[in-house]
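Please read it alongside the sequence and the coordinates.

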Amino acid sequence: MAEAQKVQILAGDPSHGVGSLLLDPSPSDPQPAAVPLTLEERFALVRSVGEECIQEEELKNLLAKKPVPVCYDGFEPSGRMHIAQGVMKTINVNKLTSAGCIVKIWIADWFAQLNNKMGGDLKKIHTVGRYLIEIWKAVGMNLDKVEFLWSSDEINSRAHEYWPLVMDIARRNTLHRIIRCSQIMGRNEKDELTAAQILYPCMQCADIFFLKADICQLGMDQRKVNVLAREYYMLPGLQEGQEKMSKSDPSSSIYMEDEEGEVNVKIKKAYCPPKVVEGNPCLEYIKYIVFPWFGHFEVVRKEENGGNKTYNNMEELILDYESGVLHPADLKPALSKALNLILQPVRDHFKNNSVAKDLLKSVKAYRVTR
C-alpha cells in the first residue's frame with residue numbers, strides 16, 4: 001500500500017481461494033468497445049493492466065466462472081498525488097470496470113498511521129484521503145463500479161472477522177518472513193522498524209481475504225506480501241538516476257493539480273538526453289500516460305525540423321528518437337501539452353469546487369513524513 005507505480009495483480013480461482021498474478025502496466029491496448037465483451041476480450045483487457053503473470057490460466061478461469069470479479073487496490077494517504085497515481089490508476093481501474101469487475105479501493109488510513117505518514121496524524125491522513133478521491137473523480141475514473149472503503153471504518157465494523165485473521169497470519173509466519181515484506185511500506189530489512197510496522201504486513205495480507213478480493217491491483221513493490229497471501233511501472237522520477245517519483249522532491253514528479261506553467265517547467269528541466277531511450281523518464285511518461293489516454297502522440301515543430309508528426313504507437317516514436325529524427329527540444333513541449341490537457345479538468349475541479357479547494361490547501365500545508 002505504500003506508494004507504487006508499477007502494477008501487479010493477484011488473482012484467485014473462486015473454487016480454490018486466492019491465487020496469484022503479478023503484472024506490470026501495458027496500457028497501450030485499444031479502449032474496450034461498448035458492445036458486450038467476449039471472455040477472451042475481458043481477459044485481454046484485465047491482463048493488459050500488468051506485465052508479469054504467474055498463472056494466466058487462473059485469471060481465465062476466474063473470468064469464466066465469475067461474471068463480476070472483485071478487484072482490490074489499496075493506498076496510503078501520504079501526500080499530494082502525482083500523475084502516475086492519478087492517471088495510470090484511472091486508466092487501469094477503468095479497464096477493470098470495463099471488463100466487468102467491481103473495484104474496491106482501500107483507503108488505508110490506519111496503515112498510513114502505522115507507517116508514520118503525515119507524522120501519524122490520523123486527521124491529516126483523512127484529509128489527504130478525501131483529497132485523493134476528489135482527484136480521481138475529476139480526472140475521469142468511472143465510479144459506477146468503484147467502492148472507496150476506509151480501512152478504519154471497515155475493520156471496526158467487522159473487527160470480529162478481521163483481527164482473528166490477522167492473528168492467524170502472524171502466528172503462521174516467522175518474524176524474519178514478515179520483516180522481509182517491509183518493502184511494501186517503502187522500507188527495507190535494514191531499517192529500524194517499529195512494532196507497528198511489523199504488524200502492517202500481517203494486516204495487509206489479511207485485507208485480501210477480508211475484502212474477498214479475486215484480483216489485487218497493487219504495485220510491484222507489494223509482490224512479497226501478495227506471495228505471502230498466496231501461500232496462506234514504476235514511473236521514474238524526472239531527474240537523472242531517479243528510479244521513482246518522490247513526494248519529498250517536488251521536481252521529480254508531476255502533481256495532479258500542478259498549474260500549466262509548473263508542468264512546463266518540470267518537463268523542460270527533466271532528464272531527456274538525445275537518442276537515449278533507456279532510463280528516459282519523458283519517454284516513460286509518453287508510453288504509460290499519453291498513449292493510453294489519447295491513443296497517439298502529436299509533435300508540433302517547424303518545417304526545417306521535420307514538420308508536424310502524429311505518432312500512433314510507441315515503437316514508431318522510439319525509432320525516430322533513437323535516430324535523432326525526433327529531438328528532445330520538440331518532444332518536451334509536445335509532452336507538456338499532452339499532460340496539461342489531461343490535468344486541466346482536475347485543475348478546474350480544485351479551483352471551482354470549494355470542498356476540493358479546501359482539501360488541497362490543507363494537503364499542501366502538510367509536511368510529508370516517512
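Leucine 39 lies in helix α1 (residues 39-47), where helices (H or I, at least four residues) and strands (E, at least two) are DSSP runs numbered from the N terminus. With a relative accessibility of 37%, leucine 39 counts as partly exposed, given that buried means under 20% relative accessible area, exposed over 50% and partly exposed in between (1.4 Å probe, protein chains only). Apart from residues up to four places away in sequence, leucine 39 touches Lys60, Leu63 and Ala64, contact being defined as heavy atoms within 4.5 Å. Its C-alpha atom is separated by 9.5 Å from that of proline 67, which is 28 residues apart from leucine 39 along the chain.

This is a predicted model, in which local features need pLDDT of at least 70 and side-chain atom pairs count only at pLDDT 80 or more, while totals for chains, interfaces and linings use all residues. Residues are numbered from 1 along each chain as its sequence is written, and side-chain values use heavy atoms, with hydrogens and water left out.

Leucine 283 belongs to helix α12 (residues 281-294) and is buried, with a relative accessible area of 3%. Once neighbours within four places in sequence are left aside, leucine 283 is in contact with Val276, Val277, Met314, Leu317, Tyr321 and Leu331. Leucine 283 and lysine 332 are 49 residues apart in sequence, and their C-alpha atoms are 9.6 Å apart in space.

Beyond four places in sequence, leucine 339 is in contact with Ile83, Ile254, Val263, Ile267, Tyr285, Ile289 and Val290.

Axes are lines fitted to C-alpha atoms, for helices over the stretch in contact, and angles run from 0 to 180 degrees between N-to-C directions.

| Helix pair | Angle | Axis separation |
|---|---|---|
| α5 (residues 122-139) and α14 (residues 328-352) | about 125° | 8 Å |
| α14 and α15 (residues 354-365) | about 95° | 5 Å |

Angles under 35 degrees count as roughly parallel, over 145 as roughly antiparallel, 65 to 115 as roughly perpendicular and the rest as oblique; α5 and α14 are therefore oblique to each other, whereas α14 and α15 are roughly perpendicular. The α14 and α15 contact is made by His349, Phe350, Lys351 and Asn352 of α14 together with Ser354, Ala356, Lys357 and Leu360 of α15.

Methionine 118 sits in the loop between α4 (109-114) and α5 and, at 5% relative accessibility, counts as buried. Lysine 275 sits in the loop between α11 (260-269) and α12 and, at 52% relative accessibility, counts as exposed.
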